[in-house]
Each structure stands twice: as structure tokens, then as C-alpha cells.
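Reader: Hi! Could you walk me through this one while I have it open?

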Amino acid sequence: MQRGRRRSKRLIRCPGSVHHRCLTSLSLGSAGGEMAAALSRALKLPGKKGSELGEYDPLTQADSEDESEEDDLVLNYPRNGLGAGSSKLRGSRSGRLAGDEDEAQEDEDDEDEWRERLPAKSRADREDVTGAQYRSHRDPERGGEDRAGPGASGGSGPGAHGADAEEKRRRARNAVRSAFFLVPLVCAALLVLLCAFLLPCQKRELEKRPQWERALGEAGGVTPPALSLWDVDGDSVEDVFLGVTEWTNDTRPTLGNKVYSAVALSGVSGQVLWRIVMHESVMYIQCGLQYSSQPVVLLVGKSVLMAVNGTTGKTLWSVQLKNIESQAVLLPDLQGDSVPDLLIATLPADETLDLSLTLLSGQTGAKLGHPVPFNLTGQGKLIGPLLHETQQGAYYILFGLGNVEAISLRDVYIRATGKMPLTQALRGKDTGWEGLKTNSSSFIHIYRGSEGVEFLLPLLPGLGDNHNSLDPAWNLNSSKSDWVLVYGSSKLSVLRQKDIRKEWTFNSGPIHSQPAPGHFNDDGILDLFIQHSANGIMKALVVDGANGHLLWSAEFVCPRLVLETSAIATSTGQSAFLFWAGDPIKAPKNVTKPTVSPGVAAAEPLIRKLFLLHPAHATILLQLTSTTDTAVTSAVSYQERMKDASYITVSSRPTADSEPGARVVKSTSLRAAITKGQIVRLEESGKSGGVVKPGAFEVNKFFRGLSFKHPVRETHSSAALF
């Protein structure tokens, strides 16, 4: 807009300069003033009465408009204080008239010169350039800026092309910078996605098939087969080791055509990893040993002890023994070869004696010396042997028949080999325990009474979950713990290992299965889940481990099976208890004891149900499954990555005809089973008072939010055992 105004000023000024020259030529005559006035009126130019001529002067009118600011900005920059000569230009009217004549002449000359130099320019551009030249001539101090104006402002000419090239270069630089920023960012995002989604796909098989079932051999009654769990194929899931009995293809099987074997199954899919045929049934399978970074599995038969590679099933060593009566016990190193050694109980050759303890090399299986026989007082169930380490670091072996005795491992080694022990760990004795001996006997009486002992087991969380009795960490903890003692078939006690005294005693009905230690309340002390059966009713109880008081109880229809309860550690810090039972009896006071005739029992198979009890909802059970199979043994495997646990069962499945039933191994994901579980409400106890029953939504939300983990076991710093 300002450029247009300047252009209009120049259009006005050019005729003024022409008339100025005409007036100069005509002023020599007498009628000069009249001709100038007539010419001014013909051109209709605004005039101003001159001070000397007395008439309107159109030639000086355009340059003397002091009231017009725009005219001053375009044609007379010095008047705005931008030049040093501004005060002089205001000096006199006559000086300005003379200056205007010179400027008009210079404007015409400059305009003609520019027209010759820029013939290709348009008329408007030429006028712009002429104006810029004029301003440069009038204001030398700003001339450089004005001449650079058209090119810098993006007009036509070489400057415009340079600006376009500079703009392209700038955009190219920005594109390169953006690429350098975005490419690493995209690569990092792809790497994160790869780590988060693609790499775990290698283990998706664990999540796709959390459950499997496999039939192996024929059922051999209710006698539990050998079962143990241990990861030997490196997939972070414990594999299953099982003793199997199969019949040959004869139509009338007899005792002579049975095939015995030990089978390893993948914990992920149930596929057979390896199978070893045995000459006799496998009584125990024990895992947990490591020889030269290879897993070792012990197979214990009635007359043979065999060590095999857990990954391949290849035999490492084998030793023949007579009348093996117990599992192998893991001992500290007795020979100084840095390999734990073993102890096993056998029947002595002399039938007048009761039991022998045999020491074996853990590396080769060779006997260390000869078996050490003992004449035990008392009759009943074989207890132990178990290894115990006292607070003074002395080792003792606990065993007995109906009673519990203890003998120093040092004495056993000396009697077996006739030599003093080589390792420092076997040279010491506990003065407190040695003071408990009587009548110069080598035995220390842990328990002796008229009521025979049924169970003696370490008070540890997750005891027997995976039947992995040779695990060094488990042995290290179990050798230092207190004991759970069940005697007289109905009395439950906790024995303190520091002074061999009973902490408390709880009386109940006949206890037929091993107690399960777990955390029911939040006092940090292990409680005990027990069950007993009588007259067709099974009663489940939880006993406080701190004082022997009853914490929880419920009654069920007897499932007619003997299977120990599993206590599983959960994310809440308390334990979840898994047990088999029939339908719960919600009104025990009014129920009549069920009596079913054999014919009715055969017509209506008994349905056994697997229940989960969590202390947070003690009046509610979650029924995970129901079956007519008879579970004979079970174990629990933990999957830390998925925060889950698998419940492994070995069951006898009945058949429609008289043929032997099938032996079925089944793995069940607990978290998957919980999502399909059914809520079973128990009758509110009188001690509960007016507690509001939780809703189904709240219960389901709680159970589905449960996660399972390995129980926390204390680690002792004095681990010179292994």
C-alpha cells in the first residue's frame, strides 16, 4: 500500500516539474504569472499563493505540504529527522524551489537510464526500481538497505532464485535432522516390541497347554506309586518321574508277566522323555543331586539302588542291596571328595536284629564299610531315617520302629568303617544331646511311649510338595527344623529341636494321612492341616502352630481314599490348602451317618471332589474338579514366570468290565481351574457371630486374583553340609 502511495506521488510530481520548467521559460515575459495560473487551472492542480508572485504556485505546492505525513515520508525523508540536512531544507521557500528543479531533472535522467538498463522489466517494476533509486540518491545512509529491498523481499530477479535455493537447502537440512531423530526412535520401539512380544513366544507352549493327561500302565490298587518332580530338560517347568507297572499282552495276566519301569514325563506336555525297564517295582524316586553339572535321579527298588542321568536316563551306577526299607538320606561329604554321600536303611542278615544303616558313596554308589545293625526296642511303623543338625553343628540320624531314637552320624561312620571321620564336620558332638543318653546306650531317646509313632516330619512350609527329598536346599532346612509328631494315631504335637520337648499336644480322631504345614493365620508360625475319617464322615481341621488351638474345621462325606493335603504358598502371604473330599455336610449335628450297601455303592460310583481353602474366606470352599477316579498320590509344581502352580495327580480310573483299571497321570493348572471353579459355602460357625457373607462377585474376584509361588524357606549361613 505504501508503494502505491509513493507511485501516486511520483505521478503527481512529474507534471509539476514539467510546469516548473515551462514557468521558468515563460517568466521572462510580462505575462508569466498569468500563463502559469492558466496552466495550473487547466491541469486542475492544487495551488498555493506564493509569497513573492502573489498567485497560486502549482510547482511548489506538492513539495510544500507540511500537513501531509505520507508526502513527507516518501519525498522528503530528511524532514523526519533521518538525515543531517533536514533543518536546511526547511530554511527557505526559494531554496526548496531551486532544489525541486534540480531533483526533477535528475529524476528524468535516472528514469531514462533505468529504462535503458532494464528493458525487460514491466512498467510497475521499473517504477518500483526508479523509486528505490530515487530514495537511495536522496538518503545515502539507507541506500544499501533500499537497494537490497526488492531482492530480499522475494521479488523477481537473481535474489529470488537465491532465496528459493536457500529455502530448499533449509528444508533438506530439516528433513535430515528429522530422519536422524525418527529412525533411532522407530528402531528402539521395534526392539521393545520384539523383547516384549516375540521372545516370549518361544515359551508360549507353557501357556497354551497348562493341563495334560496321560495313561501309563495299569492301576495297582490304592498303593501309591513312586512320584517325584524335578526340571531336567531346562524349560523351567518341573518334569514328572513315576514308577509304572504294566501287564504283558497275555489275556490272563499273572504275577510273572508284569513289566516294571521308571518313566520321565515332560512337565509341559506330558510326553515321555525316557523310560528305564526295571527287574522289580520302583519303591522310591528321588531327585535333586547334581554330579558334574548333570542332574542325577535315584531309583530305589527292593534290592537295588540305581543312579541315572535325569536328562537322558542313562545309568551312572548301580548297587545291589538286600531288603531296602527306606529312601536314601543325603549326608554331608564323608570321604573328602566334595560329593555328598548317602545312607539307607535295610533289614539285617541276622533276623534277630531289627534294622541296619548302610553308608554309600554318592559318586560311585560303593558301600562305605559294612552295614551297621541295631536292635531297636519297640514295634510298629518304620520312622525315618532323617538327618538332623543341632545348633552346635553336630549331625544325628533319627529313626525307629514305633519309637524315635537318635544316634550320632560320627558313631555310625566309625562303626561302619572302623576309622575316624576325615572331615571336620563329623568330628564334633553336641554336649546337650549327648547328655540325654541313658544306661551307657548309644541312642538318644527322642520319643518313647506306649503309643506308637505314626508320623515324624520336619516342620517346613511346602513339605512334600514335589517329593524331592534330595534337594540340598530342602535338606539343609529340614535338618535344622522342629518336628511334627503324630502318635497314638490321634495325638498331634510339635517337638522343639533345641531341647526335644513338646511345644503342645492336640487330640483328635484317628489321623490317617500326613499333616500339611502351612500359614492359615498371619502370626508367621506354621499351622497344621489334618484330616481323619470315621463312620463315613471325614473331618478336616486346621490347628494353630503356636498353641495347638483349633482354627478351622469342616465335615464332609468320606471320599474313601487316603491322600495327603497340599499346602501352597500364595501371593497374600497365607497358604491355600488343596484336599480331596466328598460333599460337605453343612448340618453336622442333625446328619445321620451315611450307610450305603455294597450293591448301591457299586451302582452309584462315589464322586470325589477337589477343594481349595484359603484363610481369607474360611467359610467358603472353591470346588476345582470332581471325578470318580481314585487319586492315590499327588504333588505340586510351581511356575514362577506365570505365577501359577500345577497340581499333579496319579489316579486309578475304573473300567466298565473286570479288567484292571488304568493308571492316569494328570497335570492341572490351578489358575485355570480356579476360573472354572464353583463356590461352595459352608455353614457359619457359632464363633463367627454375625459376619456378613461375601458375595459371589467378591469371592470370584479374590480367587481369580491369587497367584502362587515357592514357599520361602530360611537359608542358613553355616551351610557346610553340601
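Author: Happy to! Of the 24 residues in the largest nonpolar core, the ones touching the most other members are Leu331, Leu359, Phe374, Ile397 and Phe399. Such a core is a set of buried Ala, Val, Leu, Ile, Met, Phe, Trp, Tyr and Cys residues joined through side-chain atoms within 4.5 Å; buried means under 20% relative accessible area, exposed over 50%, partly exposed in between (1.4 Å probe, protein chains only).

The model is predicted: local features need pLDDT of at least 70, side-chain atom pairs count only at pLDDT 80 or more, and totals for chains, interfaces and linings use all residues. Residues are numbered from 1 along each chain as its sequence is written, and side-chain values use heavy atoms, with hydrogens and water left out.

Reader: What does Ile397 touch, beyond residues up to four places away in sequence?

Author: Its contacts (heavy atoms within 4.5 Å) include Leu331, Leu343, Leu357, Pro385 and Ala406.

Reader: Switching topic: in what order do the strands of the open sheet come?

Author: The order is β6-β7-β8-β9, with antiparallel pairing. Strands are DSSP E runs of at least two residues, numbered from the N terminus, and two pair if DSSP finds at least two bridges between them. At the edges, β6 (284-291) and β9 (315-320) each pair on one side only.

Reader: And how many bridges join β7 to β8?

Author: Five. Leu299 has Met306 in β8 as its bridge partner.

Methods:
Helices (H or I, at least four residues) and strands (E, at least two) are DSSP runs, numbered from the N terminus.
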